[in-house]
Amino acid sequence: MSRDSGAEVVLRLDRITKRFGALTANDAVSLTLRRGEVVALLGENGAGKTTLMNILFGHYVADAGSVEVFGRPLPPGNPRAALAAGVGMVHQHFTLAGNLTVLENIRLGTEGLWSRSYAGAREKVARLSRDFGLSVDPDARVGRLSVGERQRVEILKALYRDARVLILDEPTAVLTPQEAEALFATLRKATARGLSVIFISHKLHEVMGVADRCVVLRHGRVVGEVDTHATDKAALAALMVGGELSLPRAEARTPGPVLMRLDQVSTPDRGAAPGLKAVSLELRAGQITGLAGVSGNGQAALAEIVGGLALPAAGQLWLHGQEPETWTPREALARGVARIPEDRHHQGSIADFDLTENAVLEGYRTRFSRRGWMDWRAARAFAEGIIKGYDVRCPGPETRIRLLSGGNMQKLILGRALAPGPDIILANQPVRGLDVGAIAYVQAQLIAARDRGAAVLLISEDLDEIMSLSDVVHVMSQGRLSPAFARGTMTAAELGLWMAGQKFGEAHAA
Amino acid sequence: MSEIVDILISASFWAAVIRIASPLILATMGELICERAGVLNLGIEGIMVIGAFTGWMAVYQGMPLWGGVAVAMAAGMLFGLLHSVLTVPFGLSQHVVGLGVTLLATASASFAYRLMLPQVTSPPKITPFQPLYIPGLSDLPWLGAALSQTALTWAAFAVAGLVAFTLYRTPLGLALRAVGENPAAVEAQGLSVTGLRMGAVIVGSGLMAVGGAFLTLSAFSSFFFEMVNGRGWICIALVVFGAWKPGKAVLGAILFAAFDALQIRLQQTALGAVLPYQLFLALPFLLSILALILMSRRAEVPAALMVPYNKGER
Amino acid sequence: MRLETIPNPSAARKVGLPALALLATLGVAMLLALIAGANPFAVLGQIARGALGSKLAILETLNRATPLIFTGLAVAVAFRAKLWNIGAEAQLYAGAIVAVVLGTGALGSPLVLPVSAGAAMLAGAALLLGPVLLKTRLGVDEVVTTLLLNFIMLLFVSYLLEGPMKDPMGMGWPKSPALIPEARLPRIVEGLRLHWGFALAIIAAVAVWVIQTRTTLGFEIRAVGQNPEAARFAGMPVNAVLVKTALLSGGLAALAGWSEVAGLKGHLSSDLSPGFGYTGIIVAMLALLHPLGVVVTAIFVAGIFVGSDAMSRAAGVPTYIADMLLATALLFMVLAILLTKMRVVRG
């Protein structure tokens with residue numbers, strides 16, 4: 001990798017400023033990228049990394065500042081111009097049409113709408129696949145591909161358009177450690193051919209491993225720009241969060257009795273998403289059980305069973321030593337199961353309801369109504385209690401929840417779930433997309449609940465989070481569940497092999 | 001029973017089937033384009049009315065028949081523009097806007113009709129499209145009679161072919177199929193979601209209006225208020241029945257037209273003496289509901305159908 | 001361009017934009033009058049006078065508003081749950097048929113009114129039950145099924161009126177026999193042509209409002225309408241809520257037909273409703289789906305119709321101007337309401 005500071009400047013962002021209402025997402029951010037270089041854009045969630053790249057790519061128009069690619073100014077708000085200038089972007093949420101094939105997705109938008117299709121497309125894709133180590137079947141329907149394969153399609157899309165600058169937004173969030181390694185190998189091939197890469201991440205060890213330079217954003221501002229060889233993780237972390245703020249670590253504890261047990265539970269596959277394959281799992285009092293795995297490997301099916309939204313198609317669910325006769329969300333709530341949903345916007349809250357209404361969504365029937373009549377006074381008091389007890393920053397309980405930040409929204413959901421004193425807690429991606437302060441708060445609450453004797457099931461894609469919080473760890477892959485690994489007995493790389501599904505065969509053979 | 005067989009093998013029956021299917025095919029193609037792009041267009045019923053009215057009025061005022069078709073198409077596109085402005089960039093409820101457009105278009109046709117012809121009691125007639133003589137084909141026994149159709153019918157089938165070709169064989173069709181599935185994919189590849197969707201709704205609405213104009217310019221020769229009579233809603237059912245694919249939708253329209261032509265003829269038979277005629281008239285609507293039930297959960301609905309796209313949404 | 005949520009919209013925005021929508025509709029009205037070759041101000045004046053200019057006009061407007069309040073409520077209740085009931089027209093006729101079946105001598109006096117009202121509601125509810133079960137069980141879109149049912153119902157009414165329900169004294173007209181006096185809704189005040197249906201409609205509006213704001217069912221209906229996934233996750237029986245909503249909505253729409261027959265017409269004919277079911281959608285949307293607002297907008301909409309009829313006779317502008325104005329008002333209003341919450345920004 002070239003680290004010749006005299007290399008040609010391919011991209012220059014100059015004092016970019018972008019406001020969303022009262023929020024300043026980018027405040028005079030400048031950044032330079034040279035030929036053959038990997039620059040990491042580092043910052044915690046909400047620091048403004050994605051906004052900056054969306055401006056570069058033309059999804060947003062900056063309020064001030066300019067973008068230059070290969071010395072020429074880029075017209076704002078025009079993805080087509082960015083693509084034409086050689087900027088390719090791999091979005092965090094893939095931008096693929098599931099009903100089309102890989103080849104069709106790659107070709108989309110590359111030809112004049114009224115012209116005939118380009119005949120050489122297939123050969124070009126095949127050549128790029130070979131050259132960059134991105135193997136994928138060009139005729140497969142994208143809707144049936146795995147997450148890793150979809151990412152390869154995204155990169156191929158950019159390469160097919162002869163991108164010279166590649167932007168990758170949190171590319172490893174959805175990959176196993178081994179898949180991430182393969183991605184890094186692809187990036188090395190790309191930079192060797194003179195491409196330049198902007199790598200957006202909040203994972204320090206990756207940034208240290210892959211980037212030449214590192215630009216750190218905090219609250220929309222550049223707070224530091226360092227050569228990765230001249231710094232270390234601790235220094236970067238301090239830059240990123242603006243001081244010493246460490247995430248809580250759960251200390252080991254002796255677990256209590258089994259509160260919930262799944263015995264050989266299976267569920268049917270749903271399209272490309274695998275169902276559970278004879279999963280057996282024990283959740284013990286006073287224990288955090290971590291569930292690692294690339295998302296889309298059956299975690300959703302497991303969460304639905306634990307949370308009362310689905311019944312096992314085969315196998316048994318035991319709760320406090322009994323098989324429940326009915327199993328619905330209401331039944332789960334009544335039996336002391338608290339649920340923190342994976343998606344707080346779509347599952348966890350109702351955007352145009354106020355905080356009071358959102359606070360009583362789960363308990364309105366049992367605790368905040370009598371004979372079908374709502375008790376709004378009690379509901380409001382409950383909401384006020386959560387706002388105070390869980391530090392929800394808001395104007396008041398009559399605020400519509402859509403106006404809250406992700407962290408405050410999650411605190412309300414956390415308070416709603418924990419207030420009744422549950423003894424089983426399903427925490428599905430509880431800190432995804434939150435800033436460090438909110439992450440620390442939510443994790444501390446989960447640890448405190450465990451210390452009170454609750455059984456916690458923590459589902460996360462973030463291996464670091466799983467390893468630092470969990471007393472025991474399981475890995476899911478293709479709907480199968482690994483054995484339980486006690487805290488500290490496995491390395492990330494070993495868990496990665498389980499995530500990739502490789503170890504399941506061996507365990508079976510042995 | 002033998003009566004039914006007699007009907008089914010007669011050339012005049014199949015001529016009627018193709019004639020009845022023609023406006024359905026045109027309007028169904030229009031709706032299909034909209035829905036493939038991710039927009040449900042409930043304006044269809046009213047847009048067919050406005051097409052029937054404007055096409056007829058243009059010809060009544062002295063324009064040639066194809067001029068009438070063009071006027072109808074333009075009028076439909078105008079209402080399509082209204083629909084698409086409200087549902088695409090503004091992302092308003094496609095249900096509410098669609099019904100609003102239907103009400104507005106229907107009322108506009110009635111208003112303009114009364115304004116332009118205040119005194120008439122029986123609707124005036126025009127000379128409609130005549131069946132096309134095609135050398136060779138028209139002289140064939142049976143087939144010649146069954147295919148004795150107007151130019152507008154041939155145009156309907158040509159439109160269906162064109163829609164299918166565009167959707168599956170051109171970059172434009174690729175973009176349309178993508179924008180109804182995941183607009184973000186289209187945006188990320190440098191295409192305009194707003195442009196594609198608005199274009200689809202406008203062109204689709206134009207086709208719906210031509211479907212309506214078929215009624216006044218080819219099937220009947222005058223305009224009356226209730227003439228569309230739910231055909232638009234039936235076309236929406238046909239899109240579902242056809243699984244959002246042009247070929248299957250055309251087959252659905254023909255199947256549907258066959259039942260319609262059959263019920264008209266059955267009314268003249270012994271069956272018609274026993275059963276109330278309203279039952280026969282209700283058959284198309286009952287059939288549509290049945291089609292919806294049969295196709296439920298089987299078809300692959302465009303994933304972004306009825307989901308507005310706002311790129312700033314976070 | 002892009003839409004951005006306004007965190008705290010100002011009061012001026014919240015009131016001003018809907019007012020602007022109504023003003024714009026007024027502008028369209030004047031434009032249409034000009035096109036029709038009439039004096040725009042005279043046309044507006046004649047519509048207003050025709051709707052409210054005399055005691056008789058006001059009573060006519062309120063009578064016309066009565067079925068619109070019922071269908072408006074039916075739509076408002078259903079749309080709240082994002083249940084797209086476009087079949088109020090059919091449910092209205094179901095109620096009207098029941099009013100005739102039970103009101104022409106099948107039932108004896110004191111019982112007939114409450115029983116036939118209840119039965120009418122059941123009939124309307126039953127009619128919507130089919131589409132809603134198809135939606136919850138099979139995922140069939142209820143918009144199209146309820147629309148199609150309107151056409152089927154009209155043909156069924158036509159069959160009844162030409163066959164089993166035909167009035168033998170009707171001199172060939174397809175209409176039903178007249179209701180017995182006991183089955184008729186009395187007038188609210190003797191001597192004034194306004195029947196109890198109007199009062200019942202207002203009571204129904206208040207009842208719906210109480211259900212929506214004070215009961216668990218109302219909370220569930222709102223939650224299911226705004227975000228069914230979150231409602232399901234929270235443990236609400238989403239399908240059961242939709243069915244309950246449908247029963248309420250269908251029942252309310254049926255009362256429109258029932259009160260038209262029992263209160264106003266005294267018999268059933270196939271022109272009983274000039275599209276009250278569809279107009280109910282406009283009434284509900286203009287009221288922002290608020291049940292008490294429905295009363296106001298129904299009277300407003302009825303006034304436009306009644307006033308336009310009167311204006312048309314005097315000024316010669318086709319009465320269809322009313323339908324055009326209401327459709328325009330609907331579209332302007334949904335846009336205005338959006339813009340009270342969002343603003344258009346560049347990029």
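**Ground rules**

I number residues from 1 along each chain as its sequence is written, and I letter chains from A and number ligands from 1 in the order in which they are written. As the model is predicted, local features need pLDDT of at least 70 and side-chain atom pairs count only at pLDDT 80 or more, while totals for chains, interfaces and linings use all residues.

**Entry 1: strand 3 of chain A**

I started with strand 3 of chain A, residues 38–42. Helices (H or I, at least four residues) and strands (E, at least two) are DSSP runs, numbered from the N terminus. Is this strand mostly covered or mostly open? I found it mostly covered, with 5 of its 5 residues buried. Buried means that 20 or more other C-beta atoms lie within 10 Å of the residue's own; 12 or fewer makes it exposed, anything in between partly exposed, and C-beta atoms are placed from the backbone. In a regular strand the side chains alternate between the two faces of the sheet. Here V38(A), A40(A) and L42(A) lie buried on one side, and V39(A) and L41(A) are buried on the other.

Next I looked up its partners, where pairing needs at least two bridges found by DSSP between the strands. Strand 3 of chain A runs parallel to strand 8 (residues 196–201) of chain A, joined by 5 bridges. With strand 9 (residues 213–218) of chain A, strand 3 pairs in the parallel sense over 4 bridges. L42(A) has a bridge partner in each: S201(A) in strand 8 and V216(A) in strand 9.

**Entry 2: an open sheet in chain A**

I then followed 3 strands of chain A that form an open antiparallel sheet in the order 12-11-14. Strand 12 (279–284) and strand 14 (314–319) are the edge strands, each pairing on one side only. Strand 11 (residues 258–266) and strand 12 of chain A share 5 bridges, and V265(A) has V279(A) as its bridge partner.

**Entry 3: domains of chain A**

I read off domain 1 (9–241), domain 2 (247–336 + 421–510) and domain 3 (349–420); such bounds come from an automatic or database domain assignment. The centres of domains 2 and 3 of chain A, taken over C-alpha atoms, are 26 Å apart. Between them, 12 residues of domain 2 are in contact with 9 residues of domain 3, contact meaning C-beta atoms, placed from the backbone, within 7 Å. Helix 14 (residues 436–451) of chain A brings the largest share of the domain 2 side, 6 residues.

**Entry 4: chain A against chain C**

How many residues of chain A are in contact with chain C? I noted 27, against 17 residues of chain C. Helix 10 of chain A gives the most to the chain A side, with 3 residues.

The largest nonpolar core has 390 residues, and V87(A), I167(A) and L73(C) touch the most other members. Such a core is a set of buried Ala, Val, Leu, Ile, Met, Phe, Trp, Tyr and Cys residues joined through C-beta atoms within 7 Å. Leaving aside neighbours within four places in sequence, I167(A) has contacts that include M53(A), F57(A), V87(A) and I198(A).

Last, I visited A16(B), found in helix 2 (residues 11–36) of chain B. Why does A16(B) count as buried? It does so because 20 other C-beta atoms lie within 10 Å.

Methods:
Two residues are in contact if their C-beta atoms, placed from the backbone, lie within 7 Å.
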